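Reader: I would like to go through this model term by term. Please give the rule each time, then the value, then the conclusion.

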Amino acid sequence: MKKIIVSYADMHKDGHKHAMNVIKELNITYRAVVPQPLGECWIFYGCENIPEQLPASVSVWDMNDRDFINSGIRREVNP
């Protein structure tokens, strides 16, 4: 399932005040959302209806949950 990450810093540069508003304005649907304060982002899980053009604050990840979690662990262990 596709995940969307909304960056705090880039979101504010785009003129948005909240990640939920970014996703709502793009008409993206999702199953769950988890704020990640240490990662300075929000992660939206099970995303659908993703438009082709996205603001700089939004990135799409299309990998299974295990690979997604492991990619973050590898970056922390091997900077």
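Reader: How many disulfides does the rule give here?
Author: The count comes to 0 disulfides. A disulfide is a pair of cysteine sulfur atoms within 2.5 Å. In general terms, it is a covalent bond between the sulfur atoms of two cysteines. One caution before we go on: this is a predicted model, where local features need pLDDT of at least 70, side-chain atom pairs count only at pLDDT 80 or more, and totals for chains, interfaces and linings use all residues. Residues are numbered from 1 along each chain as its sequence is written, and side-chain values use heavy atoms, with hydrogens and water left out.

Reader: What helices and strands does the protein have?
Author: It has 3 helices and 4 strands. Both are DSSP runs numbered from the N terminus: helices are H or I with at least four residues, strands are E with at least two. Along the sequence the pattern reads β-α-α-β-β-β-α.

Reader: What makes the strands a sheet, and in which order do they lie?
Author: Two strands pair if DSSP finds at least two bridges between them. The 4 strands form an open sheet in the order 2-3-1-4, with antiparallel pairing. Strand 2 (32-36) and strand 4 (58-62) are the edge strands, because each pairs on one side only. Neighbouring strands are turned by 20 degrees against each other on average, direction ignored. Those angles run from 0 to 180 degrees between N-to-C directions, with axes as lines fitted to C-alpha atoms, for helices over the stretch in contact.

Reader: How do you know that strand 1 pairs with strand 4?
Author: Strand 1 (residues 2-7) and strand 4 share 5 bridges in the antiparallel sense. That meets the rule, so they pair. K2, for example, has D62 in strand 4 as its bridge partner.

Reader: Which bridges tie strand 3 to strand 1 and strand 2?
Author: Strand 1 and strand 3 pair antiparallel over 5 bridges, with K3 opposite Y45. Strand 2 and strand 3 also pair antiparallel over 5 bridges, with Q36 opposite C41. Strands 2 and 3 form a hairpin with 4 residues between them. E40 in that turn has a positive phi of about 55 degrees.

Reader: How much of strand 3 is buried?
Author: Strand 3 is mostly covered, with 4 of its 5 residues buried. W42 lies in this strand, residues 41-45. W42 has 15% relative accessibility, so it counts as buried.

Reader: What is W42 in contact with?
Author: Contact means heavy atoms within 4.5 Å. Leaving aside neighbours within four places in sequence, the partners of W42 include I4, Y8, H18, M20 and V34. W42 and I4 are 38 residues apart in sequence and 8.1 Å apart in space, C-alpha to C-alpha.

Reader: What makes the link between W42 and Y8 a polar contact?
Author: A polar contact is a pair of N or O atoms within 3.5 Å; within protein, one must be able to donate a hydrogen and the other to accept it, and residues adjacent in sequence count only if both atoms are side-chain atoms. The side chains of W42 and Y8 are joined by such a contact of 3.5 Å.

Reader: How many aromatic pairs are found?
Author: The whole structure gives 2 aromatic pairs. Rings of Phe, Tyr and Trp (its six-membered ring) pair if their centres lie within 6.5 Å; planes under 30 degrees apart are stacked, over 60 edge-to-face, and the rest tilted.

Reader: Why is the pair of W42 and F44 called stacked?
Author: The centres are 6.5 Å apart and the planes 20 degrees, so the pair is stacked. Y30, W42 and F44 form one aromatic cluster.

Key
Buried means under 20% relative accessible area, exposed over 50%, partly exposed in between (1.4 Å probe, protein chains only).
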